[in-house]
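Here are my notes on the entry you sent. Please read them with the structure open.

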2 protein chains.
Amino acid sequence: MRPSRRDWLRAGLHAAVAPTIMTTQARAYDIDDIESRLAAGAGIEGVTKRDLPTPSLLLDLDAFEANVKRMAEHAGGAGLGLRPHAKTHKCSEIARRQVGAGALGVCVATIREAEAMAAAGVGGLLVTSESVGPNKIHRLMRLCGRRPDTMQVVDHPENARQLDEAAAAGGVRLHVLVDVDPLGRRTGIPPGPEAVSLAETIDRLPNLRLRGVHGYCGASSHVKGFQQRKAHSEQYMGPVLETYFAMRRKGLPAEIMSGASTGTYNIDSALKGMTELQVGSYALMDVDYRIIGGRSGEVYDDFGNALHVLATVISKNHNDIATVDAGLKAFATDREFGPDVARPAGLAYAFRGDEHGALTLADAKQEVRLGDKIELVVPHCDPNVNLYDRMYCVRGDHVRQVWKIDARGHV
Amino acid sequence: MRPSRRDWLRAGLHAAVAPTIMTTQARAYDIDDIESRLAAGAGIEGVTKRDLPTPSLLLDLDAFEANVKRMAEHAGGAGLGLRPHAKTHKCSEIARRQVGAGALGVCVATIREAEAMAAAGVGGLLVTSESVGPNKIHRLMRLCGRRPDTMQVVDHPENARQLDEAAAAGGVRLHVLVDVDPLGRRTGIPPGPEAVSLAETIDRLPNLRLRGVHGYCGASSHVKGFQQRKAHSEQYMGPVLETYFAMRRKGLPAEIMSGASTGTYNIDSALKGMTELQVGSYALMDVDYRIIGGRSGEVYDDFGNALHVLATVISKNHNDIATVDAGLKAFATDREFGPDVARPAGLAYAFRGDEHGALTLADAKQEVRLGDKIELVVPHCDPNVNLYDRMYCVRGDHVRQVWKIDARGHV
């Protein structure tokens, strides 16, 4: 049954409070109220940004949809598969939309992400981080029972043998990509004969099925300047692709060559041998990518800023400064820069502790009042999304949907 | 009904997998399994650290309990009240234990934290950040209906009038502390006549009840060297305390003077006028506090490291380096330093992207193997806890309980 407006107001303790405050600024929907409405099938019609709790995460649907469409068209035009990385958004609803726009499935960085995607009906999963140790291996096998097309990267023969043993015990055949490390000395086996030998080992193990190569050059993704980025990626991806071709020359069934980032999507798609793109950030974007520079121009604007943090001015006791309710717990802080203020114009943001940020006013006469709403572009989208449980999807000022960030947490 | 060992193994997809993997290293309990066991009242007997998913948050119960006891004894000995800050742990189970050890209640930084504490039966709440805007004010009034002893800080007459109006409409009387800003230019009104005047305004408003002063000098908390820290806190807290006494001389009912951090607990407790301590980090501790120096010695070790991140070695393709599954999403990154490796000895950690970290081995012959578990001290506890949904409480190697971080999220 659809609750009436009156039931809705009654959901708060004191129905009388809402109208009083409404006269000041806005309705006072809180998270529990919105959740109850959604659970009751009542929707969230009439809710605007001003009604939302802060700090909170906003997804601009127009920008997001344009980003998803543009990358799908790029991959299609280049004759490549697209398997976007879900570690960026950790949101099965976004993954469904990416698949709906033509993606083969999604990449995931953790078993937890894979489990959440599978539970939401998203398949074509590629786990891009090694699954080592009984907890991860056990869960991977359970996942493969549910989603037999799941692929797992492997960078060590010992891990390959453990996976083979577990697959035998679990009655599944695990699809495997050899994780070849272009440069990072992070995960992956170095390019060359050792990697080809690992592919042969995998190919011989009865419960594994070799599918190809995973080569992600994270170090290229944020190289500033398009030409510099292109040179960097070509230099380091070259040996990975040679290794891939060496496997094929040996007759190994390596039909997949997966790589690329949002920074190199239009660079790596021209590399001979590449078969699919595992780009992630393009769907949401952040300051970190804006500043790397595009093919033409200083700002990388191939994709639009779809992600913002909404904050409220909660203290204003000085002419040149105001304090908002979003600090170190509201933003990823792993970059040397903080968030950019998107709206209103003319403000700069600086961290002021766990729960607070300072807005500095370029012009002391600029009017910033208690209760004003501020929208900020996040510094680095992946770890920023990871801080929140949900994103409020907006068109203009109106909240249209609330999507759970269902693959976060437990980490 | 208590599930049998056999039911428990069956909960995985392929019961046969577990014994196979068990022979290698450990059982493979995953999060869902542990949750189901707890929900079924089955407990988690027999689960050790090795069984846990990684990255995950460990709470060392022995160290935690000693920390809680030590701070309670310190406050008692100084004749002060203790209202620990729950923004550090966001965990109602920890709050309950702090109250059980004699605390008056807990401080909270957000309405969301206050709601979670109230829902878990924790009272004596002090909201230490301004509640501005209809969403926060509406929820605060609802909270006061449930917990009439809730206190709210206020730093502006406009906000005081809005709260008074909302309290009238909600039929509650809101307890208020004047938020006096020692230095931070963050939240709070500067010390002096303006702050006294705000106290008088609050005292006159019929639906507010003035209770005292909140003065938190975050800038003092991490000053290195005990004497330097003492001098800093005395310098900046002095005018706050003078303001507090000025209110009392005017006959205002200011009976509470709340302040102090884990860095200044044994400094501020000697300040004349202070009535209660709102220390937070002492319960968990982090690298950030270890390095500020104690009353004697270079390491601040008044409280023990109770919080660790547990990680797994997932890649080992080089002699001098190994990769673990904990990166930028597993640790707070707001400090200039990363986590310290607590166990095993002789390793150093560096961030390697969203999901990975690199262990550098002091000695190339040091044996670090695929699947090894690593325990790390977090750089900064508050935002680190905020990344996780639960903490695994351990004594030695054994997991004794799982506590939900129930006041996180929704931000």
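Is Met285(B) buried or exposed?

1. Met285(B) is buried, with a relative accessible area of 0%. This is a predicted model, so please keep that in view throughout. Met285(B) sits in the loop between β9 (276-277) and α13 (287-290) of chain B. Its phi is near 70 degrees, a positive value in a residue other than glycine. Most residues other than glycine have a negative phi. This loop deserves a look.

2. A second case is in chain A. Ala260(A) has phi near 85 degrees, again positive in a residue other than glycine. Ala260(A) lies in the loop between β8 (256-259) and α12 (265-268) of chain A. At 3% relative accessibility, Ala260(A) counts as buried, because the cut-off is under 20%.

3. Next, the cis peptides in chain B. One joins Thr54(B) and Pro55(B), with omega about -5 degrees. Pro55(B) is placed in the loop between α3 and β1 (56-60) of chain B. Another cis bond runs from Arg343(B) to Pro344(B), with omega near -5 degrees. Pro344(B) belongs to the loop between β12 (340-343) and β13 of chain B. For context, most peptide bonds are trans.

4. Now the interface. Chain B and chain A bury about 7900 Å² between them, and carbon and sulfur atoms give 53% of that area. The contact takes 95 residues from chain B and 95 residues from chain A. There are 8 salt bridges across the interface. One of them pairs the side chains of Glu355(A) and Lys87(B), at 3.7 Å from N to O.

5. Which elements of chain B supply at least two residues each to the side that touches chain A? They are α2 (17-24), α3 (31-39), α6 (111-119), α7 (134-146), α8 (157-170), β10 (307-315), β11 (321-324) and α14 (381-385). The largest share, 9 residues, comes from α7(B). By type, this side of chain B divides into 32 nonpolar, 31 polar and 32 charged residues.

6. On symmetry: a rotation of 180 degrees, with 0.0 Å of shift along its axis, superposes chain B on chain A at an RMSD of 0.0 Å. The two copies are therefore related as by a two-fold rotation axis. The same surface serves both copies, as 100% of the contact residues of chain B recur in chain A.

7. Helix α6 (residues 111-119) of chain A is mostly covered, with 8 of its 9 residues buried. Among the buried residues are Arg112(A), Glu113(A) and Glu115(A). The cover includes α5 (92-100), β3 (107-108), β4 (126-127) and α7 (134-146) of chain A. Just after α6(A), Gly121(A) takes a positive phi of about 90 degrees.

8. Cys393(B), in strand β16 (residues 390-395), is buried at a relative accessible area of 0%. Leaving aside neighbours within four places in sequence, its contacts include Leu59(B), Leu61(B), His398(B) and Trp403(B). Phe351(B), in strand β13 (residues 347-351), counts as partly exposed at 26% relative accessibility. Not counting residues up to four places away in sequence, Phe351(B) touches residues including Leu328(B), Phe331(B), Pro339(B) and His356(B).

Definitions and conventions:
Residues numbered from 1 in each chain as written. Chains lettered and ligands numbered in written order. Predicted model: local features only at pLDDT ≥ 70, side-chain atom pairs only at ≥ 80, totals over all residues. Heavy atoms only, no water. Contact = heavy atoms within 4.5 Å. Buried area = accessible area lost by both parts, 1.4 Å probe. Salt bridge = Lys/Arg side-chain N within 4 Å of Asp/Glu carboxyl O. Helix = DSSP H or I, 4+ residues; strand = E, 2+ residues; numbered from the N terminus. Nonpolar A, V, L, I, M, F, W, Y, C, P; charged D, E, K, R; others polar. Least-squares fit on C-alpha atoms with pLDDT ≥ 70 in both. Buried < 20%, exposed > 50% of the residue type's maximum accessible area, 1.4 Å probe, protein only.
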